[in-house]
Amino acid sequence: MRLHLLALLAKEPAHGYELKQALEQTFGTAYPSPNIGQIYVTLGRLEKDGLVRAVDVEQSNRPNKKVYYLTAKGRDALTDWVDEPTEGPRVRDEFFMKLVLAPLTGIADRMALINRQRRHYLALMRDLNELAERTDQGNQVALLLIEGAMLHLQADLDWLERCQEDLT
């Protein structure tokens, strides 16, 4: 969440609730609603690390609020994040380790593991389909996020078929 908040602050200074709202408005229901407490804890750490600075803003009928600004160091960290390629395919897949190692111990059957994992992926796919149906069709960001997750799941389902063919 650190870098997500830095990205939003690069657009404009904001306080914690504004950042929470910006995440929710940008990603819609496709992104788990962030916990406001976690946002403020993260902002505190970012401030401690010199990536943001906070300014107390007086309000007439409410308690003062802290508005956060991105620092030059924060902009550098954000630029580094944007410039770095995102992690690619996972070679140390947890399920594959179970699939290969658990049957060696005698505590699991490969077909049972594959079927359980397939049911899990299909349930996730159903959930994503329902989420897509509930998502505002005008929110392209949320729809693309959901579509990306569905494509990854479909690839995982295809890979499960390959595992079944080659290992059982």
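**Burial, contacts and cores in a predicted model**

Author: His15 is buried, its relative accessible area being 12%. This is a predicted model, in which local features need pLDDT of at least 70, side-chain atom pairs count only at pLDDT 80 or more, and totals for chains, interfaces and linings use all residues. Residues are numbered from 1 along each chain as its sequence is written, and side-chain values use heavy atoms, leaving out hydrogens and water.

Reader: Why is His15 called buried?

Author: Buried means under 20% relative accessible area, exposed over 50%, and partly exposed in between (1.4 Å probe, protein chains only). His15 has 12%, so the term buried applies.

Reader: With which residues is His15 in contact, leaving aside neighbours within four places in sequence?

Author: Contact means heavy atoms within 4.5 Å. On that basis His15 is in contact with Tyr40, Lys65, Lys66, Val67 and Tyr68.

Reader: Why is Leu101 called partly exposed?

Author: Leu101 has a relative accessible area of 46%, which lies between the limits for buried and exposed, so the term partly exposed applies.

Reader: What makes a set of residues a nonpolar core?

Author: The members are buried Ala, Val, Leu, Ile, Met, Phe, Trp, Tyr and Cys residues joined through side-chain atoms within 4.5 Å. The largest such core has 18 residues, and Phe95, Leu99, Ile114, Leu128 and Ile146 have the most contacts inside it. Apart from it lies another core of 16 residues, including Ala14, Leu19, Ile39 and Leu51.

Reader: Which residues does Leu128 touch, not counting those up to four places away in sequence?

Author: Leu128 touches Ile146, Ala149, Met150 and Leu153.
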